[in-house]
Amino acid sequence: MDMKLKDLLNEKKSAITKNWFDAIMETYPTDTTGFLKKQKDMFANPVGHVIAEGSERILEALIEGEELTDSLRFLDDIIRVRAVQDFTPSKAMAFIFLIKKSVREELKKEISQNHLYDALLEFESKIDELALFALDIYSKCREQLNELKIDELKRLTFTLLKKANLMYEIPVEEFEHKDLKCNI
Amino acid sequence: MAKPEKIKTPKPGEIASSIDFKSPATDWMDTPTEIKPGNFCWGAKEKDLLTLGLPNPRQWSPLDDDWKLPEGWKSTILDGLSDRLSKYRSFKIFMDICVRCGACADKCHFYIGSGDPKNMPVLRAELIRSVYKKYFTASGKFLGRLAGARELDEDVLKEWWSYFFQCTECRRCSVFCPYGIDQAEVTIIGRELLNLVGLNIDWIAGPAAACYMKGNHLGLEPHAIKGNIESMCDDIEDLTGIRVDPSFNRKGADILFITPSGDLLGDPGIFTNMGYLMLFHELGLNYTWSTYASEGGNFGFFTSNDMAKRLNYKIYAEAKRLGVKWIIGGECGHMWRVLNQYMDTWNGPADFLEVPKSPITGTVFENARSTKMVHITEFTADLIKHGKIKLDPSRNDHLKVTYHDSCNTSRGMGLLEEPRYIIKASCNNFYEMPENTIREKTFCCGSGSGLNASENMEQRMRGGLARANAVKYVQDKHGVNVLANICAVDRAAFPALMDYWCPGVGVYGTHELLANALVMTGEKERVTDLRGDDLPGKEGNE
């Protein structure tokens, strides 16, 4: 990444993080944003905590040009929450693109003065890449919600089916099929 | 040829500035309730309401505009509200006394997880309080909305249905309320009112109807109960070489044992049930199971006071029929709130029973002097205290355990130490979750009070976030892989919650952990735990 832009981003990191965090908070009902922002206890306010911690780490990773796969855990934490809250898919995911808004707002003057538009485009492409990773995570979370329903049904009925000889368990030694599930 | 008109396209900045990322700020009364998949449980079925003799049985769907309400529904609700205001002094006080201090607002797990202001306990109560004001207070009648009052209409009723079935009656908010307002009671009354016009959910009405007809929520008939328990005995024999031979409906037994039917069917409840069987066998306890009073839980409690009383009746009736001396109850949550706080008033006094006294240790359970029913963790903790059972906690060394206080046993009856005492005696690795998430301040599983259906999975996941977040903390910090509990709903609901938020954490009943450690007289060398997982140091010893 362009060193000048990197320096500027680092310089204004805390302002950008705050701007981004506040913008994410505004996707929640007005009556709730105060609580989500102010309550710092991670157990009393897991949503606010996950978003505050995650947004900081994700921005750091973007600025440092780290491999995005390294910061996916934080992205996963945020998306896992938003995937079960009352958002449409687009609203749940919009928070990624809010980084662009925050950077543009906080560095508007500096980018213009230093003619950093090309560098900004490059940086924003990285955000687009992050959005694609985020889409994978979101889809996986939503798929998992359906899997959980199926698993719950299986747990409830397994004993009955086994008892009625409607189900046969393959003994462990014959079962050499490896776990094919891939984790993101 | 006419020159095509030039179309002015907006500049990127113009588009960007027109996007509003903020949620609309409307007053709660003007924010409509949206009923959408993932956020609600299916409506009660016609056949179940018929079985229970509840009003307005019909086929309906919460997704339809027309909920097929009975004629005159509004006066039915208002008359019902009036009845309850005069009958329950507590409810009247809860309607009048709240000063909107907000102490409860951020204590509800549904609010914490969803951010939906109507899940703040204060606002959830306000849904009904606003109607109370309009029709039962002078200020509300004259000043209307200025005094926080509003008309009761169909949208308000639907809002009640949505939010009173988004409260698990866990009572965490009441711990923080300076006036002691019990939001669970407000929800209980709200649900009673909804039931007057046929607005229950299937996951409650179905089990309640099954319980009314068959004696348990799952609708297991006597031969199925006996068969299930016998197949658990087969598994115990494979594991220990010992044949456990429990009795059913045996007259003249000293003790009647009653547990939630969730323990009789389905993973992981059955392992807890195997734990009871092994413990009682080892003690040589003179006890019996009942295939009639085959449910400790009470989904009637989530319907109405009368329904709860009706479904509870069988416990004392069966104790009397069998002529037992007293009753032990299994691991369950709301079952114990009902037994501890209501049963004696509803269907007591059980003066035909004796004050519970452990035949093994001689301990008299003074706390159960009136109800005559003892929680199994009290019974077992007493055995351990007196050194009456031999435990080898190293058999649980592959497990790193934390304990979830069920809302009802912790806040409803103060049962905090006994389960921990048993777990610590049975396991070498025990780690508490953070202080503000356990004991009286425990976070609900998010699926209690009849909300552990599958169709509301998103709601359950966000409702359980606060609980799971604390589990994840001890998982990351100490490598915890077991969430122990003493509640059948927990055992049914937690596996999904753990899979979503903290995969790798299994869900165990406390008596399953005890049974793993229990050294039984004449047992063969165990190589696996109750689930068939290798015991530490016995790997590959199949």
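## Contacts across the interface

Between chain B and chain A, 13 residue pairs, both members at pLDDT 80 or more, are in polar contact (a pair of N or O atoms within 3.5 Å; within protein, one must be able to donate a hydrogen and the other to accept it, and residues adjacent in sequence count only if both atoms are side-chain atoms). On chain B, the elements that give two or more residues to the side touching chain A are helix 5 (109-114), helix 12 (222-240), helix 20 (457-463), helix 21 (465-478) and helix 22 (488-501). Sorted by class, that side of chain B has 23 nonpolar, 14 polar and ten charged residues.

This is a predicted model, in which local features need pLDDT of at least 70 and side-chain atom pairs count only at pLDDT 80 or more, while totals for chains, interfaces and linings use all residues. Residues are numbered from 1 along each chain as its sequence is written, chains are lettered from A in the order in which they are written, and side-chain values use heavy atoms, leaving out hydrogens and water.

## Extent and salt bridges

In total, 47 residues of chain B are in contact with 38 residues of chain A (heavy atoms within 4.5 Å). Three salt bridges cross the interface (a side-chain nitrogen of Lys or Arg within 4 Å of a carboxyl oxygen of Asp or Glu). Arg460(B) and Glu152(A) also join their side chains in a salt bridge, at 2.8 Å from N to O.

Helix 4 (residues 89-97) of chain B has Phe91(B), Phe94(B) and Met95(B) as its buried residues (under 20% relative accessible area, 1.4 Å probe, protein chains only). They lie on the same side of helix 4 of chain B because they cover an arc of only 100° around the axis, taken from the directions from the helix axis to the C-beta atoms. Their cover includes helix 3 (73-87), helix 6 (121-136) and helix 10 (183-196) of chain B.

How values were computed
Helix = DSSP H or I, 4+ residues; strand = E, 2+ residues; numbered from the N terminus. Nonpolar A, V, L, I, M, F, W, Y, C, P; charged D, E, K, R; others polar. Buried < 20%, exposed > 50% of the residue type's maximum accessible area, 1.4 Å probe, protein only.
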